[in-house]
Amino acid sequence: MNYEEAVAYIEETPKFTTKNKLEHTKECLRRLGSPEERFKVIHVAGTNGKGSTCAFLTSILREAGYSCGLFTSPHLVVINERFQINEKNIDDDTFLHAFEKVKKLADELVAEGSYHPTYFEFLFLMGMVIFADAGVDYVVLETGLGGKLDATTAVEHPLACVITSISFDHMQYLGNTISAIAGEKAGIIVPGVPVIYDGNDAEAAKVISERAQELGSPYYEVKREDAEILRNTMSGIDFSFKNEYYGNTTFSIPFIAKYQVMNSMLALKTIEVMKNHISVSEDAVCRGVRETRWQGRMETVLPGVIVDGAHNEDGVEKFVETAAHFQKEYPLTLLFSAVDDKDYTDMIRTILDKISFRHVIVTQVGGYRKVPAEHLAEIFKGQGCPSAEACENVEMAFKKALEQKGEDGMLFCVGSLYLVGEIKTAILKGIRK
């Protein structure tokens with residue numbers, strides 16, 4: 001197969017397989033030569049903030065001079081984004097080489113009358129092969145959907161486990177309460193391995209800390225109140241981490257959303273906890289935080305244009321917090337879309353409850369999961385937003401939104417990672433005004 005055929009094969013995988021047991025994934029790793037044992041792993045789970053926290057950790061490790069792999073999901077434009085080596089997407093040849101190894105194993109399993117790896121399992125196995133072949137020092141490993149039964153949990157000896165904020169999402173798989181969801185995420189905790197976690201939700205924190213105690217794992221809580229925000233402008237945020245280890249150090253992040261301060265503090269705490277295992281200077285930590293880049297999470301893609309893949313209750317509330325801060329200084333325009341398995345009516349209500357927009361444009365994304373633009377526009381109007389305009393084509397919608405933004409305003413593009421991906425593709429084509 002060539003690269004395009006390999007990608008097509010992976011994209012078709014969900015059509016003919018179901019989720020396998022964790023032991024199956026461990027068996028696959030063994031048959032691939034246990035690639036996960038050739039580097040050290042920091043394992044990250046949570047509902048929101050996983051990818052950003054992974055990005056902060058990766059950037060800090062890179063600035064400290066280590067070779068680092070990053071496995072994350074989903075991708076926004078190309079599937080190679082899921083595998084980064086030293087903060088760069090792998091090339092097509094590297095992707096194809098790993099694909100061939102895992103495909104050979106999958107064919108053997110099927111011929112034995114066994115199972116075929118699922119979409120996510122296939123990609124995870126490829127990632128382990130890619131990072132082992134590259135000889136990286138560390139891999140920052142983001143879970144997929146949950147934790148307890150997630151394919152990434154097949155890595156049995158992580159250096160540290162990190163759990164970001166817990167909120168309601170994917171309840172059909174993870175449970176209908178914060179405690180149940182936190183229990184699933186806490187499934188990544190390994191006996192004796194330190195756990196660094198977001199302690200802002202008391203219910204989730206209780207589940208995580210109790211699980212850590214059961215397993216004899218040292219645990220470290222990080223909360224919003226541990227930060228002092230010193231500056232929050234369109235270019236980023238300066239803050240101090242009220243922590244003895246970092247003292248009076250001022251950190252700067254290139255994001256405008258306060259929730260990214262929390263994600264960066266989880267990374268900072270992890271580096272502190274790992275200080276006897278990972279040598280990182282204060283300068284490297286500061287540079288790493290300052291130079292972090294992450295797609296689709298309150299990301300500034302053009303001057304005054306921010307894309308955010310917020311698509312659940314917690315993510316939307318954090319978007320609203322950020323937009324509310326900036327509406328005091330700038331007229332705001334919104335480009336919105338959502339897919340049909342999200343509570344988009346509640347998302348719209350939450351946004352309009354706190355934010356006033358100069359103009360709202362809605363579009364449709366997600367293929368068979370799309371919600372018609374006209375339907376979304378009617379919901380906006382029903383919630384008291386007369387300026388909502390429907391535009392089915394994403395590129396046209398983005399052009400209109402840029403025009404509405406003007407020279408003096410800010411444009412937020414929100415509601416789905418599909419929307420973020422299509423906007424980034426449009427920008428690559430040259431659509432900038």
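The legends below describe close-up views of a predicted model.

**View 1. The eight-stranded open sheet.**
Eight strands form an open sheet with mixed pairing, in the order S4-S3-S2-S5-S1-S6-S7-S8. Strand S4 (88-89) and strand S8 (219-222) stand at the edges; each has a single partner strand, so one side of each is left without a neighbour in the sheet. Within this sheet, strand S6 (residues 160-163) and strand S7 (residues 195-198) are joined by three bridges and pair in the parallel sense. Val162 stands opposite Ile196 of S7. Helix H9 packs on the sheet and touches S1, S6, S7 and S8, its direction making about 165° with that of S7. Helix H3 lies across strand S1 (40-45), S2, S5 and S6, and runs at about 175° to S5.

**View 2. Strand S2 and its two partners.**
Strand S2 (residues 68-71) is covered on both faces. Cys68 and Leu70 lie on one side, Gly69 and Phe71 on the other, and all are buried. In a regular strand the side chains alternate between the two faces of the sheet. S2 pairs with strand S5 (residues 138-142) in the parallel sense, over four bridges. In that pairing Cys68 stands opposite Tyr138 of S5. The pairing of S2 with strand S3 (residues 83-85) is antiparallel, over three bridges, and the bridge partner of Leu70 in S3 is Gln84.

Ser67 lies in the loop between helix H3 (50-63) and S2. Its relative accessible area is 18%; buried means under 20%, so Ser67 counts as buried. Leaving aside neighbours within four places in sequence, Ser67 is in contact with Arg62, Asn86, Val136, Asp137 and Tyr138. One of these contacts, Tyr138, is also the residue of S5 that stands opposite Cys68.

Strands S9, S10 and S11 form an open sheet in the order S9-S10-S11, with antiparallel pairing. The edge strands are S9 (227-233) and S11 (250-253), each of which pairs on one side only. Direction ignored, neighbouring strands of this sheet are turned by 20° against each other on average. S9 and strand S10 (residues 236-241) run antiparallel and are joined by six bridges. Phe239 in S10 is the bridge partner of Ile229. Helix H9 (residues 259-273) packs on this sheet and touches S9, S10 and S11; the direction of H9 makes about 45° with that of S10.

Strand S12 (residues 299-302) and S13 run antiparallel and are joined by three bridges, and the bridge partner of Glu299 in S13 is Val307. The hairpin of S12 and S13 has two residues between the strands, and Gly304 in this hairpin takes a positive phi near 75°. With strand S17 (residues 410-414), S13 pairs in the parallel sense over four bridges. Here Val305 stands opposite Leu411 of S17.

**View 3. Packing of helices H2 and H4.**
Helix H2 (residues 22-31) and helix H4 (residues 92-111) pack at an angle of about 120°, and their axes are 11 Å apart. That angle makes H2 oblique to H4. The crossing of the two helices is right-handed. H2 contributes Glu27, Cys28 and Arg31 to the contact, and H4 contributes Leu105, Glu108 and Leu109. By class, the residues of this contact are three nonpolar, no polar and three charged.

**View 4. Packing of helices H7 and H8.**
The axes of helix H7 (residues 178-185) and helix H8 (residues 202-214) cross at roughly 40° and come within 8 Å. H7 is therefore oblique to H8. H7 passes H8 in a right-handed crossing. The contact is made by Ile178, Ser179, Ala182 and Gly183 on the H7 side and by Glu203, Ala204 and Val207 on the H8 side. This contact of H7 with H8 has four nonpolar, two polar and one charged residues.

Notes
Residues are numbered from 1 along each chain as its sequence is written. This is a predicted model: local features need pLDDT of at least 70, side-chain atom pairs count only at pLDDT 80 or more; totals for chains, interfaces and linings use all residues. Side-chain values use heavy atoms; hydrogens and water are left out. Axes are lines fitted to C-alpha atoms, for helices over the stretch in contact, and angles run from 0 to 180 degrees between N-to-C directions. Angles under 35 degrees count as roughly parallel, over 145 as roughly antiparallel, 65 to 115 as roughly perpendicular and the rest as oblique. A crossing is left-handed if the near helix is turned anticlockwise from the far one by less than a right angle, and right-handed if clockwise. Contact means heavy atoms within 4.5 Å. Ala, Val, Leu, Ile, Met, Phe, Trp, Tyr, Cys and Pro count as nonpolar, Asp, Glu, Lys and Arg as charged, and the others, Gly among them, as polar. Two strands pair if DSSP finds at least two bridges between them. Buried means under 20% relative accessible area, exposed over 50%, partly exposed in between (1.4 Å probe, protein chains only).
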